[in-house]
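Please open the model in your viewer and keep the selection tool at hand. We will go from stop to stop together.

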Amino acid sequence: MSLRMNSLLIHGGVDGDETTGAVTVPVYQTSTYKQDGLGQTRGWEYSRTGNPTRDALEKLIADLEQGSYGFAFASGLAAINTVLSLFKAGDRLVISDNIYGGTFRILDNVFRNFGITYRIVDTSDLKAVEEAIDDEVKAVYIESPSNPLLTVTDIEAVAGIAHRAGRLLIVDNTFLTPYLQRPLALGADIVIHSGTKYLGGHSDTVSGLAAVKDKELADRLYYLQNAIGGVLGPWDSFLMIRGIKTLGVRMDRHVENAEKIARWLDGSGYADRVYFPGLESDPGYEVQTRQADGPGAMISFVLSEQYDYREFFRQLKLVTLAESLGGVESLVCHPATMTHAAIPADIRRKAGIADELIRLSVGIEDADDLIADLEQAIRASKKEK
């Protein structure tokens with residue numbers, strides 16, 4: 001039976017437990033499994049290699065992303081590390097000019113030591129992407145919308161460019177989740193998530209997920225997942241499955257709140273610039289509307305110069321200053337000193353990540369309460385003449 005998304009969130013992957021009839025997949029809290037004889041297993045050997053609770057989550061993310069194979073990791077960066085391990089010395093990746101700082105850090109400070117390099121490109125500029133692909137480039141790695149400037153890249157078009165050149169397209173889909181956007185269906189080869197964010201949804205577990213369609217690529221990733229060992233434990237896998245069951249209702253509320261707050265900010269006079277692909281004035285609005293089922297719930301903005309952004313953070317009462325995003329509570333951060341501090345200042349500025357930039361992860365509280373808190377904090381941060 002073919003299920004629509006809201007049913008798939010609850011019944012996708014492994015639906016319940018056949019042995020006991022439990023409606024939720026049990027937590028198989030074990031490190032190893034009894035073998036009936038030499039080379040005679042019951043499908044399980046060792047929990048780094050495979051665990052029934054993790055397997056259920058991996059099947060679930062594959063179903064949600066319209067893929068064939070899923071992978072669960074101990075963090076989003078463990079997922080990224082494993083995917084990047086597909087490449088070898090001399091290979092190069094084309095990356096978006098504003099991506100998560102941790103992604104840049106692992107490329108710049110870890111994989112570059114192994115001879116794997118990168119080329120920074122505005123991936124919303126299709127001509128620039130095409131011109132950046134040379135013999136050394138083996139993959140294009142994008143976020144759409146990107147972190148933190150919410151730049152939208154045409155996934156289908158970039159997939160076409162990459163595939164015509166015989167290259168892979170890797171998409172970090174953390175900001176939108178498969179509820180709003182399915183990159184594999186748009187031509188991507190690998191989709192990655194920080195499951196810590198919207199998929200888990202409650203700021204209580206750290207995880208990473210990936211999904212692919214191609215079996216050969218899946219076999220390579222499975223080998224690396226097992227060899228590197230950064231796998232997700234059974235309890236956290238259980239929490240992820242539980243969180244995903246409510247993804248649809250949460251994302252609907254996240255997006256509803258974000259659209260209301262973005263429009264308020266855009267017309268308030270408090271911000272010099274609002275970055276949100278749900279605004280008709282946003283450069284990515286048309287592509288976002290075409291390739292996704294919503295704009296997501298991340299907003300970035302630059303306070304007008306008459307306000308002190310440092311004081312703004314101090315004055316917030318309801319919205320929490322913290323790393324991360326995608327939880328039920330609203331979180332705000334300062335990319336230049338928090339999520340993107342690993343990116344050198346000159347590269348940040350060139351990409352448009354100004355010191356005054358504020359990133360807001362809109363939660364599911366009452367939108368009017370959130371607006372009231374943002375407004376009082378902004379007003380309290382006005383500079384003295």
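This is a predicted model: local features need pLDDT of at least 70, side-chain atom pairs count only at pLDDT 80 or more; totals for chains, interfaces and linings use all residues.

Residues are numbered from 1 along each chain as its sequence is written, and side-chain values use heavy atoms, with hydrogens and water left out.

**Stop 1: the loop between β4 and α6**

Select Pro145, which sits in the loop between β4 (137–143) and α6 (155–164); helices (H or I, at least four residues) and strands (E, at least two) are DSSP runs, numbered from the N terminus. The peptide bond leading from Ser144 into Pro145 is cis, with omega near -5 degrees. Now move to Pro148, in the loop between β4 and α6: its bond with Asn147 is cis, with omega about 15 degrees. Leu150 is also placed in this loop, and its phi is positive, near 55 degrees. Most residues other than glycine have a negative phi, and most peptide bonds are trans.

Is Leu150 buried or exposed? Leu150 is buried, with a relative accessible area of 3% (buried means under 20%, exposed over 50%, partly exposed in between, with a 1.4 Å probe and protein chains only).

**Stop 2: Thr177**

Next, select Thr177 in helix α7 (residues 177–180). Thr177 has a positive phi too, about 65 degrees, and is buried at 1% relative accessible area.

**Stop 3: Ser207**

Go on to Ser207, in the loop between β6 (190–194) and β7 (208–212). Its relative accessible area is 0%, so Ser207 counts as buried. Show its contacts (heavy atoms within 4.5 Å): leaving aside residues up to four places away in sequence, the partners include Phe73, His193, Leu232 and Met240.

**Stop 4: the cavities**

How many cavities of 30 Å³ or more does a search of the whole structure find? There are 2. On a 1 Å grid over the protein atoms alone, a cavity is a set of points where a 1.4 Å probe fits but cannot get out, and lining residues have an atom within 4 Å of a point. Points are joined across faces, edges and corners, and a volume is the space filled by probe spheres set on them.

The largest cavity has a volume of about 50 Å³; select Ile95, Asp97, Phe104 and Ile343, which are among its lining residues.

Technical notes: On a 1 Å grid over the protein atoms alone, a cavity is a set of points where a 1.4 Å probe fits but cannot get out, and a pocket is an open set with protein on both sides within 12 Å along at least five of seven lines; lining residues have an atom within 4 Å of a point.
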